[in-house]
Amino acid sequence: MATYDCFVSVVAPLSNDARIVKPFVTEVMEVLRNNYANYELVLVNDGSEDDTAEQVCGLLKEYECIRLLNLSRSFGTDVAISSGLDSVIGDFVAIVLPESDPPDLIPDLIQQARLGYDIVIGIRNNRSGEPLWMKVGAKLFYLSCKSIFKIPLIENATQFRVLSRAVVNAIIQVNDKYRYLRLLSSYVGYRRKTFTYEQIRRYRRPKLKSFLETVDIALQVIVVNSVRPLRFASYLGLLASIFNILYMGYIALVYLFKDQVAEGWVTLSFQNAIAFFCISIVLTILSEYVGFIFERLKGWPAYYIAEEKNSSVLIADRDRRNIVKNSDNIQV
Amino acid sequence: MTITNSPIFHPGGGSLTASSPLNPSSYDAVVIGGGFFGCRIALYLKEHLNKVLILEKEADVLQRASYANQARVHNGYHYPRSILTALRSRVNFPRFVSEYRECIDSSFDKYYAIGKITSKVTANQFKTFCQRIDAFIEPAPIDIKKLFNNNLIEDVFYTKEYAFDAVKLKHRMLNDIETAGVKLRLNSKVIKLEDADNLAIKIFVESPDNQDIITAKYVFNCTYSSINHILDRSNLPTIPLKHELTEMALVEVPDPIRHLGITLMCGPFFSIMPFPARGLHTLSHVRYTPHCFWKDEDADVKTVNPKSGHKTNYPYMIKDAERYIPILSKCQYVDSIWEVKTVLPQSEVDDSRPILFKKHHGLKNSICVLGGKIDNIYDVPPELKFMELTGGVI
């Protein structure tokens, strides 16, 4: 097969993937070797607690052009991917999740990127296998992002995507601890195209996040990427203050024109309740943002790379051919 | 000049056409390996001993590591994580530069840039480190800083660093060897060493047209990556060494950086340096210059021919380098220099580059020397003091 004269990097985050990393790497390397003259596979070990790193070290002796970045602890998939993006050198970069994305599609996607699309984004064709709350919740989330918070998210988009060098350069300029890549690749602009694919299941079902985790991520996406909740708080605050001014006028009028002002505890209670309701909402939103500002002010790096390892394929192995001298008659 | 292919050229007389194993030539000291360290050690030995011979496998001296490893002499900037190696470089640099002045190219400006992401030092740390070892450092001018990608580079410093011309250095060494009266035998591969008796070591030498045996009181194994080959063939214990097959890309750089040398510190980064012997620049990359590594004890002691057609890693080096310095995309690839680079396994941990000087290794009076940085040669003579004590008497 013809090999293309472009440099392709593949970034794959690994998190406790010891059981699937070998077949995954085998598959990816086959695709890369068959299609490209120059390539690299950057595996980011996101603080795995199993023997993922050891598995990869074995593969480094077997395959060429693999790099392993061991993060100092688990930083989450998005940060793991962005640490990979910070260090890849390819003209085109494919982000692939080992568990669920089919490496066979890479050449097709790269081809589309070569035709001028800087971002080629994968969209899963169904959410089958997910519980009802997740499906409904996702629908609601995407709807609110689109209409209320004006966040340009693509529905059902996955991490599986191909980025051009220009986009990677743009993304690594974003010096932010929260690098929600699905959104970032929209934010930076450039020519964009989507494709729909069916996710695979390598060994185990893609791990589902719990309800709380999901809500947490959704809230984080909204808070980090939109000032609309803050604006909402401002409107609410303004409304409450206008209400309070009117109410003060009402009190003044009562004071001037009424003789007996003994009762009125209902109104008072109502006023208190409404005011406190508004204040609570405002405080909630503010605390979210203050927290965010606090994180930003700390200025800690988004991740730490504990060590980096590269392929070391001995010369003796370079000429190794995939040949066996004998075939045993084994029952299959 | 007393340079011969075999047979051995004897001083003060005609050459013997063949040295008979029954009547072996005897020397006070034989240095195996005609690299820079081998030649310099032979010169030191000649100060105390009468008959000193250098045996070199190749057809010329200074052909391997002394030529192929990067031709830099510096103040120790490279070792912010190993203060001893840095300090020794700082101390030895001016001595080397003044002793080999005619071989030194100082006609370029040298800059050290500090990477923002994955760098093991910060700009401040690097500056403090240079000040601690009293190495010259200044902020780089604006027009130089503009060559770098701000998002990936924290800061750039102007420093003092030179390159040496490996070809000129070779001529200088040949000249010194001749003047001192050290014998040199080229195209001579040492097969093995053997204990003759308590007073001498037998050296089995193979040349294209004959094999013979030389005896010597002292044998210095200065063969760099081949140290264990000789030990292994002599049934002597091997020394733990790590070898890497390394590639230096030779490139034609675009005009704005023609008179610059640039090193990016300190992590999986790269360095682009003038290479006076070819009038080009070398591009080396911490991640891509080593193609593979092995340790002698992992498998049998293996010989890897550095020059047999390997696939170049240049596209990888340049792709990464141009992320940091965009103008490097205009570099033209010319050639690559391949070499087996040998380091002590401990250097992997502390990033130091000490010289290994191992006396009486396996055989009495057999000394293994693994050179580190070229200008650290001045650390060797104190180790040779025992020559003075014995008066060089066999």
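How many residues of chain B are in contact with chain A? In this predicted model, 21 residues of chain B are in contact with 26 residues of chain A, contact being heavy atoms within 4.5 Å. Residues are numbered from 1 along each chain as its sequence is written, and chains are lettered from A and ligands numbered from 1 in the order in which they are written. Because the model is predicted, local features need pLDDT of at least 70 and side-chain atom pairs count only at pLDDT 80 or more, while totals for chains, interfaces and linings use all residues; side-chain values use heavy atoms, with hydrogens and water left out.

The two chains bury about 1,900 Å² between them. Buried area is the accessible area (1.4 Å probe) that two parts lose on being put together, summed over both. Carbon and sulfur atoms carry 57% of the area. B:Arg287, B:Tyr316 and B:Arg323 supply 31% of what chain B buries against chain A, more than any other three residues.

Two salt bridges are counted between chain B and chain A. A salt bridge is a side-chain nitrogen of Lys or Arg within 4 Å of a carboxyl oxygen of Asp or Glu. B:Arg287 forms a salt bridge with A:Glu308, with the closest N and O atoms 2.7 Å apart.

On the side of chain B that touches chain A, β18 (290-295) and α8 (314-324) of chain B each supply at least two residues. Helices (H or I, at least four residues) and strands (E, at least two) are DSSP runs, numbered from the N terminus. α8(B) gives the most to this side, with five residues. By class, the side has eleven nonpolar, four polar and six charged residues.

The structure holds three cavities of 30 Å³ or more. On a 1 Å grid over the protein atoms alone, a cavity is a set of points where a 1.4 Å probe fits but cannot get out; lining residues have an atom within 4 Å of a point. The largest cavity has a volume of about 60 Å³. Its lining has 14 residues, of which A:Ser87, B:Thr118, B:Pro268, B:Arg287 and B:Tyr324 lie nearest the centre. α8(B) gives the most to this lining, with three residues. Six lining residues are nonpolar, two polar and six charged.

Over all chains, 24 salt bridges are found. B:Asp134 pairs with B:Arg90 in a salt bridge, the closest N and O atoms being 3.9 Å apart. This pair links distant parts of the chain, 44 residues apart.

Most residues other than glycine have a negative phi, and most peptide bonds are trans. The peptide bond from B:Met265 to B:Cys266 is cis, with omega near -15°. B:Cys266 is in the loop between β15 (260-265) and β16 (270-275) of chain B. B:Asn187, a residue other than glycine, has a positive phi near 50°. B:Asn187 lies in the loop between β10 (183-185) and β11 (189-197) of chain B.

Terms used. Ala, Val, Leu, Ile, Met, Phe, Trp, Tyr, Cys and Pro count as nonpolar, Asp, Glu, Lys and Arg as charged, and the others, Gly among them, as polar. On a 1 Å grid over the protein atoms alone, a cavity is a set of points where a 1.4 Å probe fits but cannot get out, and a pocket is an open set with protein on both sides within 12 Å along at least five of seven lines; lining residues have an atom within 4 Å of a point. Grid points are joined across faces, edges and corners, and a volume is the space filled by probe spheres set on the points.
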